[in-house]
Amino acid sequence: MDDSIVIQTSENQPVAFTQDELGWLPWLHPLPEAELTERHWAGLVDRSRSKSAYFRLLVRDPEVLEARTKTDKDIFYNTANGLPRAERELAAAATSRTNGCIYCASVHSRFATVHSRRSEDVQRLLDEGVGADLGARWNAVVRASVALTATPIAFGQQNIEELRRAGLDDAEIVDVIDSAAFFNWANRLMLSLGEPTTKVGA
Amino acid sequence: MMSAETRDIIGLLAGIAPGSSLEAIRERRSQARENAQKSYLALFEPTDFETFGATERHAAAAFVAGVHGEPEVANFYLAGLAKSVDGPALVEALKAEIERGKTSGPYGAFPPGPLSVEDKIGLIYRVAEARKATLGARLAAALEHAHLLVFRPRDATAADLQVLLDAGWLADHRHRHLVAARCVSGVSGPRGRRLACARCLACARQIPRLRPAKERTDHG
C-alpha cells in the first residue's frame with residue numbers, strides 16, 4: 001500500500017456550517033474494496049460501509065473499527081429506552097460545531113432535523129453557534145455537550161442539574177454524555193484524516 | 001498491571017462500583033460498554049503489538065490524559081512504563097512535557113471565510129529540544145500530533161500526517177487515533193440528586209494510532 005499522503009485540491013471546501021449533504025476526501029489511502037478480507041468485512045460490521053472512503057481507511061485496523069462501530073450503533077441507534085434520537089443527534093451536532101468539524105456537523109444536524117422536525121432551530125445552532133437559544137431542554141443538551149468538548153473537561157454538577165431541570169433522567173443524561181463523548185472521537189478522526197467537500201458523492 | 005480482561009477499564013478509572021446504580025445504567029448500553037472495553041484491549045493489550053510497542057502506546061496515552069488535567073488516568077498509563085529499563089527517565093520526561101502541554105481547548109482556525117471570526121489562537125505545542133533524546137524523534141512527533149488533536153483538531157492538515165510519516169510512522173495500517181477510555185460520567189443513586197461520578201474520561205480521548213515504520217519496503 002502506498003505509504004504517502006494524498007493531496008486534495010480543496011477547490012470545493014465548504015467554509016460554513018450547513019445541513020446540506022457534503023462529501024469527505026481522505027488524506028491517506030483507503031483500502032480498495034477488492035483487497036478487503038473477511039476480517040476487514042467483520043470490522044466494517046455493515047457491508048454497506050465499504051462504499052465509504054472513511055470507513056475503508058479506518059478498516060486498516062479492523063479490531064478497533066469493529067469495536068468502535070458497535071459502540072457507535074449502541075449509543076445512537078439503540079432507542080429502546082433513554083434519550084430520544086433527535087437529542088442524541090443534537091449532542092453530536094453541538095460537539096461538532098464546537099470542535100469545528102463541518103462535515104460531522106452537516107451529517108448530524110441533518111439527522112437532528114429529521115428526528116425533531118425543528119430544522120430552523122438546528123440551523124440556528126449552526127449559524128449562531130452553541131450560544132443560540134433553542135429552548136430550555138435543547139439548551140441544556142447543547143451546554144452539556146459543549147462542556148464535555150472543552151479540554152480540560154468542564155462538565156460538572158451544574159450541567160447535571162440543568163439537564164434534570166429540563167426533564168432528563170439519569171439514563172438520559174448518560175446518553176447525552178455518551179453521544180458527546182463519541183463525537184469528540186469522531187470529530188478528531190474526520191478532521192485529521194481528510195477534509196470535507198461540497199461535491200457530493202466524493 | 002491489572003487484569004483488564006476481568007476489570008472494566010472505564011469502571012475502574014471512573015471509580016464506578018460494581019453493583020451501583022450507575023453500573024446498572026451503563027448496562028442498558030451493554031454493547032457500548034463491551035466494545036469500549038474491546039477498544040481498550042485492542043489498543044493496549046493486543047495479541048500482536050507489531051511495531052507500535054507497548055511503551056509508545058502507554059506513553060502517548062499518559063500524555064493525552066495528562067494534558068487533559070487527569071493525573072490519575074495519566075498515572076495509570078505511566079505505571080505501565082515505569083517497569084521498563086528506560087522507564088524512570090521516560091516517565092520523568094513525559095511528566096515534564098505534560099506540564100508544558102497543558103492549556104485550554106478547543107482552539108484553532110476555520111477555513112478562511114465567514115467562520116474566521118471564530119478563529120482562536122492558542123499554544124502550538126512542540127516537545128522541548130532537551131527532551132527529544134530521551135523520548136526519541138518518533139515519540140516526540142506522536143506527542144506533538146496528539147496535542148494537535150486534543151486541543152486544536154480543526155487545525156489538522158495533510159501536512160501533519162506527512163510529519164508523522166517522516167518521523168517513521170507508517171500510514172499502512174494504523175493511521176487511526178484511539179480512545180483510551182471514552183467518556184464516563186454518571187449520576188448517583190436512588191435519590192438521584194448528586195453527581196456520583198463526574199470523572200468524565202472523555203479525557204483520555206485520543207492518541208495517535210500510527211505505526212512505526214520498520215518494513216517500509218513492503219508498502220512501496
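User: Leaving aside neighbours within four places in sequence, which residues is A:Met190 in contact with?

Analyst: This is a predicted model. Beyond its neighbours within four places in sequence, A:Met190 is in contact with A:Trp24, A:Tyr54, A:Cys101, A:Tyr103 and A:Cys104.

User: Is A:Met190 buried or exposed?

Analyst: The general idea is to count C-beta atoms around the residue: a residue is buried if 20 or more others lie within 10 Å of its own. A:Met190 has 24 other C-beta atoms within 10 Å, so A:Met190 is buried.

User: Where in chain A does A:Met190 lie?

Analyst: A:Met190 belongs to helix α9, which spans residues 170-193 of chain A. As a reference for distance, A:Asn78 is 112 residues from A:Met190 in sequence, and their C-alpha atoms are 23 Å apart in space.

User: How many helices and strands are there in chain A, and in which pattern do they follow one another?

Analyst: Chain A has 9 helices and 2 strands. Along the sequence the pattern reads β-α-α-α-α-α-α-α-α-α-β. The radius of gyration of chain A is 17 Å, close to the 17 Å of the globule rule for 202 residues, so chain A is as compact as a globular protein of that length.

Notes:
Residues are numbered from 1 along each chain as its sequence is written. Chains are lettered from A and ligands numbered from 1 in the order in which they are written. This is a predicted model: local features need pLDDT of at least 70, side-chain atom pairs count only at pLDDT 80 or more; totals for chains, interfaces and linings use all residues. Helices (H or I, at least four residues) and strands (E, at least two) are DSSP runs, numbered from the N terminus. The radius of gyration is taken over C-alpha atoms; the globule rule is 2.2 Å times the number of residues to the power 0.38. A residue is buried if 20 or more other C-beta atoms lie within 10 Å of its own, exposed if 12 or fewer, and partly exposed in between; C-beta atoms are placed from the backbone. Two residues are in contact if their C-beta atoms, placed from the backbone, lie within 7 Å.
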